[in-house]
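Below are some notes for a colleague who is opening this entry for the first time. They are arranged as numbered points, to be read with the structure in view.

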Amino acid sequence: MTDVAAPPMRERRGLRERWHELPEQQRIGITIGAQIVVAILLYLLDSALGYALLTLSALYWLPRLPPLPWRLAAEVALVAVFLVFGPRAFAVVLAIAFAVFWVPARQRGTVIPVVAVFAVVLYPAFQSHMFTIPVFGVWPDTQTGVYMLAFMMMAVGLNIVVGYAGLLDLGYVAFYATGAYTAAWFTSLQFPHTTFHFGAVGIDPKLPGIHITVWLLLPLAGAVTALIGILIGLPTLRLRGDYLAIVTLGFGEILPQVARNSDNFLGTGFNLTNGPNGITPLDSMGFGHTISNATGGFLPANYLSCCSAKFLGHAVSYVDVFYWTAIVLLLITVFCSFRLQYSRLGRAWIAIREDETAAAAMGIPLMRTKTWAYASGAFFGGVAGAFYAVFKSSTFPGDFFFQISVFILCMVILGGMGNIWGVLVGAGFLAYLDREGLANTGAWINSNIHVGSHHPNIDVDLYKPGIYGLIILIVMLFRPEGLIPSKRRAAELHEGVHDEPLYDIAHGAYDEVGGVEA
Amino acid sequence: MAADASAPSLARRLSRPSPVSAVGLGLVALLLFWLLVNLIKTPGDFFDVLTIGFTTGCVYALIALGYTLVYGILELINFAHGDVFMLGGMFTITFATHLFGLHHGQGSVTILIVLATLLLTMGACGLLNVTIEFIAYRPLRHAPRLAPLITAIGVSFILQDIALAWKGPEYISSPDVFPRSSVFTIGGVEYTWRRLLVVLITVPVLLALVYLVQNTRQGKAMRATAQDRDAAAIMGINVNRTISFTFLIAGALAGAAGLLYAFYVQNIRFDAGFQLGLIAFTAAVLGGIGNLPGAVLGAIIIGLIQAFNEGLNWHAPGSDWTQSIVFSILILILVFRPEGLLGERTPEGG
């Protein structure tokens, strides 16, 4: 927000300048004082909130303190304080945070992801021992974890289209739906006149319908969805910018409606999607007895009839196994996404995003490159959709609203377009909010906030779309590059790219003239 | 830039139809054949459906004009416009019933109340639209073009939630004041007053808009800003004020459409604006976005297609498919003729 800020920003900049003119000690003192006052006020409202703010303040100030002896002393003191007074879990969180600060800056890029992956993998074991987060309530359970991971995959997929290639896709839900329906067709009783079995687990081998193993199904669903992506992309990708957004939105509305109306496909009497009743149940996942026995039961034969094992004192349920499978799928997605980003194709996407004309002049085939972006994004959306459908064991046309497209877009925007870490954080957080967080927050508000003498009784579920809308609005207005931005994308958003009119390039001159009355 | 891109392709198109446009013409011919068969089989239904389509087309025209005005001046697809229209319907019902105490069978006072409600709703929606522009779009004037589009989606959802919090999740209904008596009858098919009233309210609003854009100083400023904001600013036009004024007009039109919808359809819900807004946007694209007569023409065509689809008997897909058909039209137009029926060829479409 430097020289591109709109006129209303000027007054704020004045305040900021005056703030920077103060001596440094005074500024630090005022900030700490203000934080403590706010923490005390919050403590009066809810003790946990006060603790939370104090912890955050400590985390904020610790790395800014003078080096080792002082910092060490402060950290030890804090740990002691929280061990004695605060909830035990705060101390654990703080200890992890300190460990992160002690890792030299150069190794943080590798150490933090590895620790994060370990923490996520071990999560089901210590989920029940976690503390209660103020306002947000208990930590998400594993079921929510699967939901979060599936949507993180979709967000990483959409990030390829929106973040890398800069093509606004408002119909991503179409890919989710395609993946889910592909999964449903190949693992259910939907086509009773055909009987085809290939490695499916947990069902009678004489059962009618197409049943193939989920390990083959996932890439198949991805491929089918990528094909749909190419089919959608070929006629439309020559359109630019907002026209493309509208066309994708159109497809995002058409495909679910086709799914809803295709219990009598095109009037032929052929039941393609079972209409509004959806397709359920779907076959379970599993490795089959051969692989399961060969690995000594480490890989379960059938997820649904699993498991008797214990993991760090935690009785493993089938949801946990789905959760770990989702982690593996997400890791593969993230790996592919990283490799794509710096490949020849990925660099071509970025070139197109920044200046289509220049990219074409440099010999990048626009249509082919854009179609690849679409196909790759669709692939991951399809795999995630298929996996989630198998997990839910159902596919309903009502799952695929325009709101879902915007929800996934919101994840990408909140996290930071073009940055995988940002997208993962944004997606995980929003999916958690959608599934548990908002309901918990609503319950907290309804029981702790009083309007006059009665509780507000807000049904938070009803207002979800507006909350996402608000998040989009706030992020776009105040931090368009997202929470964890990609440096390159942030520069584009602040300095502008090719597709703005001449007016914007000359806006400095315009500001001088703009005040003149007509 | 537009002229450079359009000159050779236009010439090529005139000399020899490309395979793409041949397919497009084929589709149109198929559509006309389907209409003809329906006309011969059930002429009565056909005329009834025709008048229904024309009436809804009028409502769509008012909304589509708002899209086209804003697109013309800012090159922004104002996603929130449909929701402004929906709020217009809610304003109408609130003003008419709570402020003026309108109810069925009040005689000639009804006309006065409806007119007063119309003015109030247009004003309220206009102000709402100006506020939205000020809060959500103006700070992004210098951002990449997709940024305000994304913001507009956010605003659209926020407006829906506002309506939800205000009126609740159920349909709210308006008093039955448009008379159901017939104006004239053709071959046993009645043309009712309520359908005529929609047209009678739409036409003066459209004429006022045409006068405003063509003949007033402010309209001239709007056209100048739409053509070239830099040049307009250099000529001493206050660009920001002109953009605000455009949003005011667009909002007022959405308010008028909201009133017609509220009284004609008689029930409205918080999510009505999104679907109708997209349909109206399709109409604007069909006519050629940025082109005012095009928006009206496109809206009437879309209204007719929707009515034919939902009302005709011979091989009509029915209302289950309305949305898919409208969006297919949108996609087909963007693929075959991105400049619309009456629009100019743009770099986006080329």
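**Notes on the predicted model**

1. The C-alpha atoms of A:K464 and A:D434 are separated by 7.6 Å, although the two residues are 30 residues apart along the chain. A:K464 has 17 C-beta neighbours inside 10 Å and therefore counts as partly exposed.

2. Helix 18 (464–478) of chain A also belongs to the contact between the chains, being one of the helices that each supply at least two residues of the side of chain A that touches chain B. The contact as a whole takes 51 residues from chain A and 49 residues from chain B. On the side of chain A that touches chain B, the largest share, 12 residues, comes from helix 10 of chain A, and by class that side has 33 nonpolar, 10 polar and eight charged residues.

3. On confidence, the model scores ipTM 0.84 and pTM 0.81, while chain B averages a pLDDT of 86, with 93% of the residues scoring at least 70. Within chain B, confidence is highest in helix 10 (residues 239–265), at a mean of 94, and lowest in helix 1 (residues 2–15), at 49. Over residues 1–7 of chain B the pLDDT stays under 50, and the model has 10 contacts beyond four places in sequence for that stretch. Where pLDDT is low, the predicted coordinates should not be read in detail.

4. Chain B has 13 helices and four strands. Its radius of gyration is 21 Å, close to the 20 Å that the globule rule gives for 350 residues, so chain B is as compact as a globular protein of that length. The C-alpha trace of chain B spans about 60 × 50 × 40 Å along its principal axes, and 50% of the 350 residues of the chain count as buried. Of the contacts in chain B with a separation of 6 or more, 76% are accounted for by residues 24 or more positions apart.

5. Helix 11 (residues 272–287) of chain B deserves a separate look, because its 16 residues should span 22 Å at 1.5 Å a residue, and the 23 Å between its end C-alpha atoms agrees with this. Of those 16 residues, 15 are buried, so the helix is largely enclosed by the rest of the structure. Helix 11 of chain B is followed by B:G288, whose phi is positive, near 110°.

6. Another glycine with a positive phi, near 50°, is B:G187, in the hairpin of strand 2 and strand 3 of chain B, which has two residues between the strands. Strand 2 (residues 182–186) and strand 3 (residues 189–192) of chain B pair in the antiparallel sense over four bridges, and B:I186 has B:V189 of strand 3 as its bridge partner.

7. B:N38 counts as buried because it has 20 C-beta neighbours inside 10 Å. Its contacts, leaving aside neighbours within four places in sequence, are with B:F46, B:L312 and B:W314. The C-alpha atoms of B:N38 and B:S319, which are 281 residues apart along the chain, are separated by 17 Å.

Technical notes
Residues are numbered from 1 along each chain as its sequence is written. Chains are lettered from A and ligands numbered from 1 in the order in which they are written. This is a predicted model: local features need pLDDT of at least 70, side-chain atom pairs count only at pLDDT 80 or more; totals for chains, interfaces and linings use all residues. Two strands pair if DSSP finds at least two bridges between them. Two residues are in contact if their C-beta atoms, placed from the backbone, lie within 7 Å. Ala, Val, Leu, Ile, Met, Phe, Trp, Tyr, Cys and Pro count as nonpolar, Asp, Glu, Lys and Arg as charged, and the others, Gly among them, as polar. The expected span of a helix is 1.5 Å times one less than its number of residues. A residue is buried if 20 or more other C-beta atoms lie within 10 Å of its own, exposed if 12 or fewer, and partly exposed in between; C-beta atoms are placed from the backbone. The radius of gyration is taken over C-alpha atoms; the globule rule is 2.2 Å times the number of residues to the power 0.38. pLDDT is the predictor's confidence in each residue, from 0 to 100.
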